[in-house]
Amino acid sequence: MENLERGCSPLDMANSMARSGQHSMAVARAAIDEALRLRVAGADGASAAAPAPAMASAFSAPREMPYIDVSSNRIAAPDREVDVLFVLQKPQVILLGNVLSDEECDAIVAHCGTRYTRSTVTAEADGASVVHEGRTSEMAFIQRGEAEVAERIDRRLAALAHWSPECSEPFQLQKYGPTQEYRPHYDWLDPDSAGHRSHLARGGQRLATFVLYLCDVEQGGGTVFPSLGLEVFPKKGSALWFLNTDTNHQPDPQTLHGGAPVVNGTKIIANKWLRQGRYG
Ligand SMILES: O=C(O)CCC(=O)C(=O)O
Ligand SMILES: [Fe+2]
C-alpha cells in the first residue's frame, strides 16, 4: 500500500513481486488490485462500513507499446521506403517488404562469417543458455557498435517501431541448413519461471520481435504460427514483426511460433527483440 501511495506503477510492483519469486504474477496482480480497492474504500478499508465498490483492474490500463504505422501501404522510414505486405490485427503480425537492401543482407551475413555456434535456449530453472533438441540451428551475435551496417539497420528498425534502439537486444543471427528448425515456442520471458526472471531483470519483457530474412530459401524454413494457421516464407530483405504481449505488457499465448525445418538451401535470419526498458 505504501508503494501505491508513493505513486509506484501497479504493473512494476506486480513484476517485482513476481520477480522476487514469492508470488506468481496472477497472485501479485490480485493483491495489488485488492489494495487499490481498499484505498478507494478509505483508510486501508478499516473504517469502511460498506464493501469497496467494484473497480476495474488496475492492469486493464494500456501501457506504451512499440507500434508500426500501417495506415498506408508504404512506410517512409528515414532512409528507405518499406512495403506493408500483410497485417494480422490480433495478435498483431505484420510482414514488411524491402526493409533491407540485398547489399545490407549480404554485409550482415559476411560480417558474421564463421562465428556461428550451436543455438541455445534459456533454461527455465536457472536462466542458463542450454542446447535443446527443439532448436537445431546455429547462432551468432552482433554486439552494439560492432558494425556500421548493423547500426544503420538498428536505427531504421527503431524508427519503424517508434521505440528507442537502446531498449532492444543486439542482433541475434540464426542459420539453418536442411532439416534444422526451431520448434514452436514463445519469445516472451515467463515471469513464473525462475530462470526467465533473471533475464527479465535486465530490460524487462520482450514486447515485440523483428525477424529479418537475410536470404531466400529454396524450400521450407517458413516462420509458422500454429495457433493462427499462418506460415510466412523467408524473402531476402523482408521483415516479420509480431507483438509478444498485450497492451498491458502481459505475455500473449497466441504468439506461439517457430521456424519450420529447412528442406533445401540455407536460411539465415536476424532476430531483434524490443524490450520494455533499456537493455544495458
Ligand atoms: O526461424 C524462424 O523463422 C523464427 C525464429 C524464432 O522464432 C526465434 O529465433 O526466436
Ligand atoms: Fe521466436
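The model is predicted, and its protein has a mean pLDDT of 86, with 79% of residues reaching 70 or more. The predictor gives the complex an ipTM of 1.00 and a pTM of 0.81. The protein has 280 residues, of which 31% are buried, and it contains 6 helices and 17 strands.

**Confidence and overall fold**

- Over residues 36-56 pLDDT stays under 50, and the model has 19 contacts beyond four places in sequence for this stretch.
- Where pLDDT is low, the predicted coordinates should not be read in detail.
- Of the contacts in the protein with a separation of 6 or more, 72% are between residues 24 or more positions apart.

**Annotated domain**

- An unreviewed UniProt entry lists residues 167-276 as "domain: Fe2OG dioxygenase".
- In the model this span is 42% strand and 6% helix.
- The end C-alpha atoms of residues 167-276 lie 7 Å apart.

**Surroundings of ligand 1**

- The residues around ligand 1 are Q174, Y182, D187, V211, T223, H257, G259, I269 and N271.
- By class, this shell holds 5 polar, 3 nonpolar and 1 charged residues.
- Strand 15 (257-259) and strand 17 (267-275) each supply at least two residues of the shell.

**Nonpolar core**

- The largest nonpolar core has 41 residues.
- The residues with the most contacts inside this core are A161, L212, L214, A239, W241 and I269.
- Helix 4 (102-112) and helix 5 (148-161) are among the elements that each supply at least two residues of the core.
- Strands that each supply at least two core residues include strand 3 (93-97), strand 7 (138-142), strand 8 (171-176), strand 10 (206-213), strand 14 (239-243) and strand 17.
- A161 touches P66, I68, A208 and L274, leaving out residues up to four places away in sequence.

- V109 is in helix 4.
- V109 counts as partly exposed because it has 17 C-beta neighbours inside 10 Å, while a buried residue needs 20 or more.
- Beyond four places in sequence, V109 is in contact with L214 and I268.
- V109 and Q276 are 167 residues apart along the chain, and their C-alpha atoms are separated by 28 Å.
- A159 is found in helix 5 and is partly exposed, with 17 other C-beta atoms within 10 Å.
- The contacts of A159 beyond four places in sequence are with A77 and P78.

**Loop residue Y116**

- Y116 lies in the loop between helix 4 and strand 4 (117-118).
- Y116 is partly exposed, with 16 other C-beta atoms within 10 Å.
- Not counting residues up to four places away in sequence, Y116 touches E138, M139, A140 and K175.
- Y116 and Q174 are 58 residues apart in sequence, and their C-alpha atoms are 8.4 Å apart in space.

**Backbone features in loops**

- A cis peptide bond joins K90 and P91, with omega about -5 degrees.
- P91 is found in the loop between strand 2 (80-88) and strand 3.
- N98 is a residue other than glycine with a positive phi, near 65 degrees.
- N98 lies in the loop between strand 3 and helix 4 and counts as partly exposed, with 17 C-beta neighbours inside 10 Å.
- H249, likewise a residue other than glycine, has a positive phi near 70 degrees.
- H249 lies in the loop between strand 14 and strand 15.
- H249 is buried because 20 other C-beta atoms lie within 10 Å, and 20 or more is the cut-off for a buried residue.

Note on methods. Residues numbered from 1 in each chain as written. Chains lettered and ligands numbered in written order. Predicted model: local features only at pLDDT ≥ 70, side-chain atom pairs only at ≥ 80, totals over all residues. UniProt positions renumbered as here; feature names shortened; annotations may be inferred. Helix = DSSP H or I, 4+ residues; strand = E, 2+ residues; numbered from the N terminus. Near = placed C-beta within 6 Å. Nonpolar A, V, L, I, M, F, W, Y, C, P; charged D, E, K, R; others polar. pLDDT = per-residue confidence, 0-100. Contact = placed C-beta atoms within 7 Å. Core = buried A, V, L, I, M, F, W, Y, C linked by C-beta atoms within 7 Å. Buried ≥ 20, exposed ≤ 12 C-beta atoms within 10 Å, placed from the backbone.
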